[in-house]
Amino acid sequence: MRTTRPPGRAPEDPPSTGWHALPRPVAVAVGGGGVLGAAHVGVGHALEERGFVPDLIVGTSVGALNGAIAAAHPHRAAQWLDHVWTHLRRREVYPLGFLPSRASIFADRGLRRLIARAGLPSRIEELAVPFTAVAMDLGTGAEVLLDHGDLESALLASAAIPGILPPVDRDDRTLVDGGVIAYVPVRAALRAGAASVVVLAAGPESSPLRSTIPRRRASAIAARAGVLALRHQIERDLHEVAGHIPTVVLPTGVETWPAPWDFRHSGRLISTASLTAGRFLDGLRISGPGLYRVDDPPATSDSPEGAAASGVGR
């Protein structure tokens, strides 16, 4: 196992084993990904099975919803999330039959119902674990950290995919999906005072990059460019934060991802991510600030063995 140590840093004590060695307070940063957020649930299972409870949670987009549920139900969040995701269908999040506004293709009624069923308090301050939802100010492009006040509007704002779901007006600002500016909100976790951070990310944008040239079709080229743009943002933020604190990126082991609107694969994503992340955590070694993650893509599609064997660091 290896880790990237910032230039000029002197050797430190021998690595300590497992998440218990992470300096407190430990933040969990939960990234975006839409339907792919089901993989967060599997990773959450692995963490709970090993007795992990974070000191604070920061979430972007679907990661804000998953993170809020985890903050409301520490020690048993995975059970809540498993039930939510395995029963979720497209029409519940992106319901047809409602007239959209000029600002979006879909109304947010489905997402509001989903939030209402999640067993959440009305205000962020009432969550059992300190929580922050990340959104973007549509006027200035600034990152907005929502760590107090109305919880529902914070989650709606963080998940307001531009053009797909309506923006949210809050505190004299117009807010949209935080994934535009912080797809994996590790910088927000550092700003919140974390001494180490555990990252839950999902989707091809967060996976080790494979060099490939897409088919010469407009949709394939646009999709590849989007993945690359998000990946550059993610890598920049991870390396910036890892220069200051231990930054652990938990693998999902998922290589074949479903379409963004296809909720039928949640069970597969959850089980694969749970096994892969668990094996990774059991072999984790912490040795000061740095980026701790799987080196290479899984050996075979959805294969946890390939991810677990690679070790930590790059």
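Me: Where is Arg 293 found?

Reply: Helices (H or I, at least four residues) and strands (E, at least two) are DSSP runs, numbered from the N terminus. In this predicted model, Arg 293 lies in the loop that runs between strand S11 (290-292) and helix H10 (304-309). Residues are numbered from 1 along each chain as its sequence is written, and side-chain values use heavy atoms, with hydrogens and water left out. Because the model is predicted, local features need pLDDT of at least 70 and side-chain atom pairs count only at pLDDT 80 or more, while totals for chains, interfaces and linings use all residues.

Me: Is Arg 293 buried or exposed?

Reply: A residue is called buried under 20% relative accessible area, exposed over 50%, and partly exposed in between, using a 1.4 Å probe and protein chains only. Arg 293 has a relative accessibility of 7%, so Arg 293 counts as buried. Its side chain also makes a polar contact, at 2.9 Å, with the side chain of Glu 235; such a contact is a pair of N or O atoms within 3.5 Å, where, within protein, one must be able to donate a hydrogen and the other to accept it, and residues adjacent in sequence count only if both atoms are side-chain atoms.

Me: Which residues does Gln 233 touch?

Reply: Contact means heavy atoms within 4.5 Å. Gln 233, which sits in helix H8 (residues 218-242), touches Gly 179, Val 180, Ile 181, Ala 182, Tyr 183 and Val 184, if residues up to four places away in sequence are not counted. With 11% relative accessibility, Gln 233 counts as buried.

Me: How do helix H1 and helix H3 cross?

Reply: Two packed helices are described by the angle between their axes and the distance between the axes. Axes are lines fitted to C-alpha atoms, for helices over the stretch in contact, and angles run from 0 to 180 degrees between N-to-C directions. Here the axes of H1 (residues 38-49) and H3 (residues 77-86) come within 9 Å and cross at roughly 155°. That makes H1 roughly antiparallel to H3, since angles under 35 degrees count as roughly parallel, over 145 as roughly antiparallel, 65 to 115 as roughly perpendicular and the rest as oblique. Among the residues of H1 that meet H3 are Val 41 and His 45, and those of H3 include Leu 81 and Trp 85.

Me: How many of the residues of the chain count as buried?

Reply: Of its 314 residues, 54% count as buried, and the chain has ten helices and eleven strands.
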